[in-house]
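Reader: I would like to learn how to read a structural model. Please take me through the features one at a time.

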Amino acid sequence: MSPRSPTLVAALHRAAALDVDGAGMRFLDRRERETMLSWAEVRRRAAVVAGALVAEGVRPGERVCLVLPTEPVFADAFFGCLLAGAVPVPLYPPVRLGRLDEYFAKTAAMVRAAEAVAIVANGRVMRVLGRVLDHVRPRCGLLDVARLAGGAPLPDPELRAPEPDALAMVQFSSGTTVAPKPVGLTHAQVLANARAIKDTLFDTFPPAEGHAHRGVSWLPLYHDMGLIGCIFPALDHPSSITLIPPEAFLARPAIWLRALSRYGATISPAPDFAYALCVERIRDEQLDGVDLSRWVAALDGAEPISPANLAAFTARFARWGLRPTALTPVYGLSEAALAVTFSPMDAPARTVRVDGAALAQGVATPVETGGVELARLGPPLRGFGVEVRDADGAVLPPLRVGRVHVAGPSLMQGYLDRETQPIVDGWLDTGDLGFLVDGELVITGRAKDVIVLRGRNHAPQDIERAVDGVEGVRTGCAVAVGRVGENGEELIVFVEARTPREAMAEDCVRAIQGAVGLKPDLVAVLAPGTLPRTSSGKLRRGEALRRWEDGSLTPPDAVTPLRLAGALARSALARWRHR
C-alpha cells in the first residue's frame, strides 16, 4: 500500500508528482464540453493563485471565502489558498435575482463568522457581491480570481506546508433549524473521512488493474458531499473526478447519467431528490447509447431518503444497465466532515417497516405490511461509532427511538464562533432522531422538527411525502409543522404547486388522512420556490412557520405560465445552494 499523505497539501504534491495517466479534475460545461486538468496542472495553477494571495497580504492560517462556480477557477482558488498556507471557506454564490438582500446579509454573516480576511469571486459574481461589503469589510477586500490567476507562482509552496492538525477548511452546517454554523476541519479530519469513504468502496470493489475507480459529480463544490466526498478521494488516491455544474444538472438531469456512461464512472453521490428528478424528467431518447453498468456506488444521502424514490430509480434505469445493488443509502453531516454510515454496497437498498402508532411513542415495532417504511442507512464506517440516546444521555437498546450521537476520526473539534459546543467526551449530538436495527442506523427525523399532536410524536416527512402524489404538487416541496393555536395543537401543511387548482388543498387533506391518519388544520398552497430552504436545499420548517405567521409567506396570486416557468427555474437553481 502506498504511503498516505498527512495533509491535503502533501496529497496534492504527491498526486502531481505521480502524474497518473487520466487522473485529475475534468470540468464539463452546459454543452458537455470538457476541460481536463491533470493533478500536476491543478498544482501549477494553484501555485499562481497562492503567489497572488500572498502578495495581497493573506497570511498563513488566515481564512479566505470562495464564492465561485463549478469551473476550473474553483480548484485554482481552493488549492491556491492551501498552498499559500491559508484556509479556504467555500460559500454558495447567488443563483437567483430574488431575495438578494437576504443573500447579502447571510453571506456577510458567514464571512464575519469565519473571520475571513478576503473574498474571492469571479467577474460575474463580483458585480453582485459588492453589496456584501456594505455589511462586512474583510481586510484584503473582494478579489477577482481572474486577476489572481494572472501573476507569478509562489516560489516554494512547500515552505508553507501545514501540520496535519492545522485547519484545512471551514464549511458551514446547512442550518435546517438554526442559522448556519462555521465548522472548522483539520487536514487530518477531512482526509480521515475521504479515506473512510474510499476504503469502504475498495473493500467491496477493489480497483482492478487499468480500471481505477472514477467519479462523477454535479454537486456544488461548496457542499461537503461534492468537495470532501468527491474531490478529496480522487486526490488522495490519484484518479479522475468529472464535475458538472449543478445548474446544468437541474436544467437537464440526463447530463449526469450521460457523463457516468461516457467516462465509465463507478461512484457518484447525490441527495434523494436528484434520483426522483431523474425519474420524472429524463426521457428515454436522452439516454441513447448510455451504459450505467460500471456505476457500482450511487450514494444517496444529505437529506431524508424516500424508499419509493430508491425503488423507482432502480426500476426506471435498469434497462440501461443500472445494477440493482447500485443505490446505497448513507448518513452523514457537516460536523463529521461528511460520511458516518454506509449501507452495504453489494446489496440492494434495504428498508424496514415499523408500526406508525408505536413509532409515535418512540418504539420501532417491525411489521410485515403497512406501517411506515424507512430506509436503512447501514452501520458506521470503520473507526466511527453511532449510539442512540434518550433525553438524559442514556444509551437506548435497538428499536428504541432517541437522539443520534456519533463519534469518529473526522469529527470537528467544535464550531469556530460558538462557546457552547455539542460534543461531549468525543460524542456529537447530531440533533437527529433515529433507532438502530441489526446494527444499522435508521433516521426518523430532526428533534426540533417533531410535531406533537395529542401527546404523540409525528415525523413531518411522513406527512410531507403523503402529498407528493397529489396532482399539481411539486414532489419534495411540502412542509408540515405543528403549533399551538387558539384551539390547541394544530397541524399546518405548506405545499408548493406546479399548477395551482381549486381543489388542491382538499386533495392534500385526503392524502394525508389516508397515509398517516391525521387531518391538517390548514393546507396552504404556495407558488414554486416559496418555501425557505437551507443553502443545501433542505426545507426549513420552523422558518416557514415563522414567515407564515408574520405574513411574508403567502399563497400565490394568479400564476401565469410565464411567471410559473420563471419561478420553477429559480426554485430549481436554489435547491443545492450550500455553505
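Reader: Is V20 buried, exposed or partly exposed?

Author: The general idea is relative accessible area, found with a 1.4 Å probe and with protein chains only: under 20% is buried, over 50% is exposed, and in between is partly exposed. At 37% relative accessibility, V20 counts as partly exposed. V20 sits in the loop between helix 1 (8-18) and strand 1. The C-alpha atoms of V20 and H237 are separated by 9.9 Å, although the two are 217 residues apart along the chain.

Reader: What should I know about the model and its numbering before going on?

Author: This is a predicted model, in which local features need pLDDT of at least 70, side-chain atom pairs count only at pLDDT 80 or more, and totals for chains, interfaces and linings use all residues. Residues are numbered from 1 along each chain as its sequence is written, and side-chain values use heavy atoms, with hydrogens and water left out.

Reader: How many helices and strands are there in the protein chain?

Author: Helices (H or I, at least four residues) and strands (E, at least two) are DSSP runs, numbered from the N terminus. The protein chain has 17 helices and 26 strands. Its radius of gyration is 23 Å, close to the 25 Å that the globule rule gives for 579 residues, so the chain is as compact as a globular protein of that length. That radius is taken over C-alpha atoms, and the rule is 2.2 Å times the number of residues to the power 0.38. The C-alpha trace spans about 70 × 55 × 50 Å along its principal axes.

Reader: What share of the residues in the protein chain is buried?

Author: Buried residues are 58% of the 579 in the protein chain. The surface comes from the Shrake-Rupley method with a 1.4 Å probe. The protein chain exposes about 22,800 Å², and carbon and sulfur atoms supply 51% of that area.

Reader: Which residues of the largest nonpolar core touch the most other members?

Author: A nonpolar core is a set of buried Ala, Val, Leu, Ile, Met, Phe, Trp, Tyr and Cys residues joined through side-chain atoms within 4.5 Å. The largest one here has 127 residues, and F79 and W256 touch the most other members. Apart from that core lies another, of 26 residues, including V67, Y103, A108 and V111. Leaving aside residues up to four places away in sequence, W256 touches a set that includes V216, W218, F249, Y275 and W295.

Reader: How many residues of helix 10 are buried?

Author: Helix 10 (residues 254-262) has seven of its nine residues buried, so it is largely enclosed by the rest of the structure. The buried ones are A254, I255, W256, L257, A259, L260 and S261. Their cover includes strand 1 (24-28), strand 9 (215-217), helix 9 (246-251), strand 11 (267-271), helix 11 and helix 12 (307-316). After helix 10 comes G264, with a positive phi near 60 degrees.

Reader: Where does G289 lie?

Author: G289 is in the loop between helix 11 (272-281) and strand 12 (297-301). With 76% relative accessibility, G289 counts as exposed. The C-alpha atoms of G289 and D76 are separated by 34 Å, and the two are 213 residues apart along the chain.

Reader: Which residues does R456 touch?

Author: R456 lies in strand 23 (residues 456-458). Not counting residues up to four places away in sequence, R456 touches A357, A360, Q361 and I451. R456 is partly exposed, with a relative accessible area of 37%.

How values were computed: Contact = heavy atoms within 4.5 Å.
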